[in-house]
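Subject: Structure for you to look at, with notes

Hello,

Here is the structure I promised to pass on, and I would be glad if you could read the notes below with the model open beside you.

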Amino acid sequence: MRLPSLLKEVWSNLFKKPVTVKYPFKRLPVSPIYRGKHEILRDRCTGCGLCAKICPAFAITMETIGDKVFPIIDLGKCIFCYQCEDVCPRGAIRRGKDFELASWSRGDLILR
Amino acid sequence: MINVERIETQVGGLAEPKRFRDLMADVISKGICSKCGMCVSSCQVHALVMTDEGPKRVGPCRQCEACYYGCPRSPAFSGELLEASLSSENKDEVLGRYIKIVSARTTRDDVRARAQDGGVVTTLLIYAFEKGLIDGVIVASKSPIEAWKPVPTVALTASEALEAAGTKYSNSPNLVALKDAIYCYELNRVCVVGVPCQVAAARNVKVQPKAATKIGDKIAFIIGLFCMESFPHAKLVEYLLSHDIDISKVSKFDIKEGKFRVYIEGSEALSVPIKDLKDYANEYCHVCRDLTSLYADVSVGAIGSQHGWSTVIIRTNEGAKLFEGAVQEGYLEVKDIGSGVDVLRKIAKRKASKK
Amino acid sequence: MSAIDLIIGPVHPALHEPERFVFKIDGEVVVDVEPRIGFVHRGIEKALSERTFVQDIYLAERICGICNVVHTLTAVQAIENAFGIEVPRRARYLRTIVHELNRMHSHLLILGVACELMGFDTLFMLFWRDREVVMDLVEIITGNRVMSAYNIIGGVRRNISDFEISEIKKALGSMAERLKHYKKVFMEDPTVRARCVNVGYLSRARTLALGAVGPTARGSGVEIDVRAEEPYAAFDEVPYTAVVYNEGDSWARLMVRIDETLESIKIIEQCLDRMPSGPVKVPVPEAAPRTAEGFSVTEAPRGELLHHVYAKEGEDKPIRYRVRTPTYANIPAVCEMLKGGYIADIPVTLVSIDPCFSCTDRVALVDVNSGEKRVVDIFTLMRRYRK
């Protein structure tokens with residue numbers, strides 16, 4: 001019987017280091033443009049609301065604080081498309097690399 | 001109900017946000033829009049386009065106020081805010097803030113052949129490209145279809161910048177090319193070359209928090225030109241035809257010592273007092289008080305220097321680094337401006353105090 | 001002859017998405033198949049007409065997670081067709097690169113799943129190991145491993161730099177070697193041959209009659225491929241040959257996918273070599289500049305995908321949006337393939353058409369080829385559930 005052609009590879013793989021990265025003890029780096037948790041720069045924001053108007057997932061609402069208006073991003077609804085970053089005329093939303101966003105309560109997912 | 005209506009009720013709870021129609025009412029309909037193009041480039045929903053009659057809205061306005069606060073002629077514009085952002089120590093009543101004023105000219109033959117005066121602007125651009133200081137520049141290049149009609153262009157290489165050398169006396173909405181540079185080409189270190197209204201808009205978008213500062217962040221240098229007024233291209237063609245000159249034959253224009261001169265194949269074909277063209281100038285130029293691009297990093301022009309040299313006003317540390325670098329690397333040669341600065345001051349005062 | 005009804009689904013380990021199949025079996029042989037789809041129906045077409053064009057791109061992306069790039073590509077092409085916008089050349093090449101990377105991802109996924117269903121876990125893991133490389137490339141270019149969000153109306157969202165180009169070339173070079181090795185395995189391995197050859201046979205004539213698309217059709221000798229017939233993106237400038245096998249069985253359909261992955265590598269390398277310089281997008285206003293219909297047909301990894309949009313001048317939302325996905329066209333074909341086979345062949349046959357029921361079920365009205373009865377059944381199901 002002819003040996004299955006994969007057998008040689010299986011044999012050599014037995015002696016190679018496993019490719020599994022033992023997360024969470026070791027983390028792989030993400031790409032420089034990875035779409036993770038947003039950063040809202042309140043000192044640049046003028047409260048125009050473009051981010052909220054364009055959000056495909058309706059995840060951004062505007063909150064009035066004193067005489068200013070700022071965006072709140074509900075990460076539970078957010079799809080991390082970053083249209084908000086693209087459309088903001090002042091560059092007040094920046095992308096971040098944090099993707100470890102699991103939490104015990106929905107309230108924790110509101111980003112200011 | 002989608003986002004827009006919902007958010008409008010939330011944001012509109014504060015002071016009524018400025019929309020394009022406010023820009024239309026406060027600037028464009030009043031006839032003071034200089035068609036610099038900043039509103040078109042500021043709009044992040046791409047609702048505006050530039051036409052010969054000025055900016056026009058082709059999409060829904062989402063009331064972000066970026067066009068209104070980006071406009072150098074809107075009531076929101078503050079010259080003091082811009083001046084405060086310049087790092088220069090000296091201040092002159094009409095020449096504005098500056099670090100130093102000199103005369104300079106290019107050392108390169110390729111630039112000299114195409115230069116208007118000293119070839120300083122083009123040389124600075126070539127230097128900046130070659131040293132990797134910029135990845136693109138907004139220039140007015142010549143239309144391949146209509147002779148001498150300026151077209152706002154993004155030049156991506158030193159040779160493309162060289163192609164665009166030479167002054168065009170018709171207005172060019174240069175800043176619409178900022179959208180091409182930053183949105184379409186995704187450049188990050190753009191140089192803006194423009195006349196005083198465009199320079200004011202470019203500086204404004206860097207320092208006015210309510211303007212589209214995302215664009216301002218990507219502007220690396222602002223090079224300003226000296227400007228008295230501009231002429232609509234059609235009127236210029238008409239004027240030349242009245243003197244039996246076909247604009248497509250013209251090799252160069254210049255305005256020096258109060259004379260408007262037209263050259264065909266290098267030799268002078270027409271020389272008239274500039275006063276003769278008073279009625280051909282753009283109406284909206286009359287409100288401008290800025291001859292020397294008060295808010296640029298470096299301002300360049302012919303007035304105050306000898307033939308073949310350019311007057312250079314260095315206004316900021318960034319401008320100084322760029323200019324001194326070009327001088328040190330041998331791209332430019334410099335000399336003292338001497339009494340030329342008084343000539344410059346006189347003409348700048350004339351523009352600043354005209355009725 | 002006693003026929004027993006064997007129900008597979010909606011939730012079943014052999015299926016990757018919920019669908020319900022009622023098999024009429026005699027002993028071990030399948031005599032008839034009655035599919036019931038609609039379990040993943042989410043009301044997407046209605047939702048698309050309630051959102052702006054820009055928001056629609058992201059909703060279209062989520063019609064199917066694996067084919068997300070091709071859905072966004074078809075959506076933006078349809079909207080650009082309606083608005084009358086021409087996309088810069090560089091953007092078309094970049095779109096093609098991510099499109100083909102998505103195809104590679106999808107094919108590697110289904111090949112792995114096919115192996116898993118055959119019981120060949122080793123090969124499954126090896127295919128998915130290579131899939132990681134593709135996902136990493138997508139992450140470098142677009143910012144996310146699966147949901148790329150790369151296409152927008154007027155072009156693509158980001159440019160790529162020389163660093164990304166060199167990373168892609170490096171990764172693709174080693175991938176081509178691996179794929180050629182897997183192709184050899186597929187041709188020679190006794191497990192694969194035993195489980196796939198002559199399983200789920202569909203003749204060329206029947207494939208054409210039933211209107212199958214994509215690799216399902218190309219595995220039966222039908223040479224149809226949107227990229228060759230109606231080129232879109234950069235396919236009018238980059239040379240492309242469709243992959244066709246004549247055997248008509250599950251083995252052929254899976255071989256088509258392996259060869260297509262190799263073709264994709266060639267296409268991406270061509271695109272990188274011929275990449276024009278220039279802008280990567282043009283600015284497009286949010287509202288339609290004219291009243292027009294736009295449609296776009298593309299070759300999704302599973303076959304021909306069509307988006308049709310109707311836009312009215314000055315409106316920022318589409319008036320009507322219609323999507324026709326490839327698996328919808330392949331279901332009648334798979335039902336015929338299953339007849340006459342053994343029960344044990346059901347998983348392999350189903351997976352050989354690469355079913356994506358997420359794509360299939362977003363239609364408001366389900367009118368499957370077997371008639372109204374099925375619609376009634378869906379409503380009956382709903383009524384029963386409500387009680």
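Helix α9 of chain B, residues 176–184, is mostly covered, with eight of its nine residues buried, where buried means that 20 or more other C-beta atoms lie within 10 Å of the residue's own, exposed means 12 or fewer, partly exposed is in between, and C-beta atoms are placed from the backbone. Helices (H or I, at least four residues) and strands (E, at least two) are DSSP runs numbered from the N terminus. Among the buried residues of α9(B) are Val176(B), Leu178(B), Ile182(B) and Tyr183(B), and the buried residues of this helix pack against α3, β1, β6, β7, β8 and α11 of chain B. After α9(B) comes Glu186(B), which has a positive phi near 60 degrees.

Please keep in mind that this is a predicted model, in which local features need pLDDT of at least 70 and side-chain atom pairs count only at pLDDT 80 or more, while totals for chains, interfaces and linings use all residues. Residues are numbered from 1 along each chain as its sequence is written, and chains are lettered from A and ligands numbered from 1 in the order in which they are written.

Leaving aside neighbours within four places in sequence, Cys191(B) is in contact with residues including Leu125(B), Ala128(B) and Val137(B), where contact means that the C-beta atoms of two residues, placed from the backbone, lie within 7 Å.

Chain B as a whole has 14 helices and 15 strands. Of its 355 residues, 52% count as buried, and residues 24 or more positions apart account for 68% of the contacts in chain B with a separation of 6 or more. Its C-alpha atoms fill a box of roughly 65 × 45 × 40 Å, taken along the principal axes.

Is Ala269(B) buried, partly exposed or exposed? Ala269(B), which is found in strand β12 of chain B, counts as partly exposed because it has 16 C-beta neighbours inside 10 Å. Not counting residues up to four places away in sequence, Ala269(B) touches Ile245(B), Val262(B), Tyr263(B) and Ile264(B).

Chain C has an open sheet of three strands in the order β1-β2-β3, with antiparallel pairing, and two strands pair if DSSP finds at least two bridges between them. In this sheet β1(C) and β3(C) stand at the edges, each with a single partner strand, so one side of each is left without a neighbour in the sheet. Seven bridges join β2(C) to β3(C), and Phe23(C) has Val33(C) as its bridge partner in β3(C).

Best wishes
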